[in-house]
Amino acid sequence: MTLTRRQRTMIALVSVGIGLLVLFAAAAAAFFFNQASNRADGLVTHTITVITEALQYQSGVQGAVIGERAFLITRDEQFLTDYENSLAAYQQARDNIRELTRDNPAQQLRLDNIDIQAQHITASLKRSITEFEGSDGRAGESIVRQSNVDALLADFNDMMSMLIREEQALLQTRRHEQQATDRLVGQIILGALAIISGLLILQLAMLREQNRAQQARNTQIMALNTELEHHVAERTKELEAAKKSLEEENLRVESLLRDLHHRVGNSLQLVASFLSLQANQVEGEEAKSTLRAARGRVLSIAATQRRLAMNTNHEFVAAGHFIKQIVDDLKTNLNFEQNIEITTDVGAFDIPSRDAVTIGVLISEMVTNAVKYAFAGRESGLIHVAFHRDGQGERCVLTVDDDGVGLSSGASNPHGGLGGRIIESLVAALGGEIERTPSGIGQGPGARLIVTYPYASPA
């Protein structure tokens, strides 16, 4: 008889429900009896510990008696040490067994009698040792014969045996309870396994029928998979071709970009050469100075462009490396008449390439103005270039300090001429602000230019 899909589903749901119910009941019963078994295990362990401590108690008292007698007969101090150690051991065992049997009034009463008997024994031992130490040392055997410790010890052993027998009887009872619980748990588990096994057999019979239907569906799915794989293979080839074309296009763009940087650099060098030739041909010093200044600015842009062309990342450039190269170029290109030192302090972060040329030219203008105007009448000077992000990381701060004559001196004002206007224009291009204050470096009053503008972080 072939079952319909709905019938198979109903049978499966009922089987699963019964199985879950049986599992839940078996788990609950197993948990309950497992807790009972754990409690029984704890009680068995507790009883064994009580018996062990009782034997330690008894052994300690007996050891004290043996140590005392050996000392009295042999006069060996080592036996006296053994006697004292046995006393300490029995006292520790006494405290432990007291704590273990605090919930058993009958055993506590037995322990009271045992403790009294043990106190009588130890008191007798101490009197014998004291008497022996007060004699001439030859009366040890006589003291042993006259002692009543043997009778006391016999009574003590009888009392201790009674306590141990009681614990052993309790141990036997608890073990029987534990075994009964374990048998019941085993029976419950076997019953649950039997029910679950029956349900599994029913499920296997249903699975056989489902497998026959599944094989027919699998044949259809395999045909669909073959067709799908064919489409995926064709699409993969198309994507690989597109990827290859994109990579080739990227290589071409990078090649064009490198060529563009090279051509721009050559063009700027050519313009600088024309300005240099023109400066050599004109007669007026003011015209010569103007042309040379223009040549310096063109060379500054060319150097910045050349540094960017050498960078592998066309979107961003490392600020520290870039500005150090700009300053190194300034040291090479500027003809210092004085001994001027230029130092840098740049944070570890990246700046957009689109801002790098503006920042490079801005630094060149600020340093050039400081060289031209800040050190009139001096043989040496210090210029410090710093570039960092602010505490929130939202703005960049460019600072150029010098230890020259200062802003309020009678020297020509570097911020009112063409250089100052260029600086203002470059700062505006960055969307920033400029502030002029006295410097805090070196010995002169100096000047400090502080440029702040918004920072565009890498995506």
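A crossing of two helices is right-handed if the near helix is turned clockwise from the far one by less than a right angle.

**Entry 1: the whole chain**

I am working with a predicted model here. I started with the overall make-up and found nine helices and seven strands in the chain. Of its 459 residues, 36% are buried. I then looked at the contacts between residues at least 6 apart in sequence, and 74% of them join residues at least 24 apart. For the surface, I noted that the chain exposes about 27,600 Å², with 55% of it supplied by carbon and sulfur atoms.

**Entry 2: helix 7 and helix 8**

Back to the pair I opened with. Helix 7 covers residues 319-333 and helix 8 covers residues 353-373; I find their axes 10 Å apart, at an angle of about 40°. Are they parallel or oblique to each other? Angles under 35 degrees count as roughly parallel, so I record helix 7 and helix 8 as oblique.

Next I listed who meets whom. Helix 7 brings Phe322, Ile323, Ile326 and Leu330, and these meet Ala356, Gly360, Ile363, Ser364, Val367 and Thr368 in helix 8. Sorted by class, this contact has seven nonpolar and three polar residues, and no charged ones.

**Entry 3: helix 2 and helix 3**

I moved on to helix 2 (residues 77-100), whose axis comes within 12 Å of that of helix 3 and crosses it at roughly 165°. An angle over 145 degrees counts as roughly antiparallel, and therefore helix 2 is roughly antiparallel to helix 3. The crossing of these two is left-handed.

From helix 2, I noted Leu80, Tyr83, Leu87, Tyr90, Arg94, Ile97 and Arg98 in the contact. Helix 3 contributes Gln108, Leu111, Asp112, Asp115, Ala118, Thr122, Leu125, Lys126, Ile129 and Glu133. My class tally for the contact of helix 2 with helix 3 is nine nonpolar, two polar and six charged residues.

**Entry 4: serine 128**

While on helix 3, which spans residues 105-134, I stopped at serine 128. Is serine 128 buried or exposed? Its relative accessibility is 6%, and buried means under 20%, so serine 128 counts as buried.

Which residues does serine 128 touch, not counting residues up to four places away in sequence? I found Glu68, Leu72, Ile143 and Ser147.

Conventions:
Residues are numbered from 1 along each chain as its sequence is written. This is a predicted model: local features need pLDDT of at least 70, side-chain atom pairs count only at pLDDT 80 or more; totals for chains, interfaces and linings use all residues. Side-chain values use heavy atoms; hydrogens and water are left out. Helices (H or I, at least four residues) and strands (E, at least two) are DSSP runs, numbered from the N terminus. Buried means under 20% relative accessible area, exposed over 50%, partly exposed in between (1.4 Å probe, protein chains only). Contact means heavy atoms within 4.5 Å. Accessible areas come from the Shrake-Rupley method with a 1.4 Å probe; for residues, only the protein chains shown count as cover. Axes are lines fitted to C-alpha atoms, for helices over the stretch in contact, and angles run from 0 to 180 degrees between N-to-C directions. Angles under 35 degrees count as roughly parallel, over 145 as roughly antiparallel, 65 to 115 as roughly perpendicular and the rest as oblique. Ala, Val, Leu, Ile, Met, Phe, Trp, Tyr, Cys and Pro count as nonpolar, Asp, Glu, Lys and Arg as charged, and the others, Gly among them, as polar.
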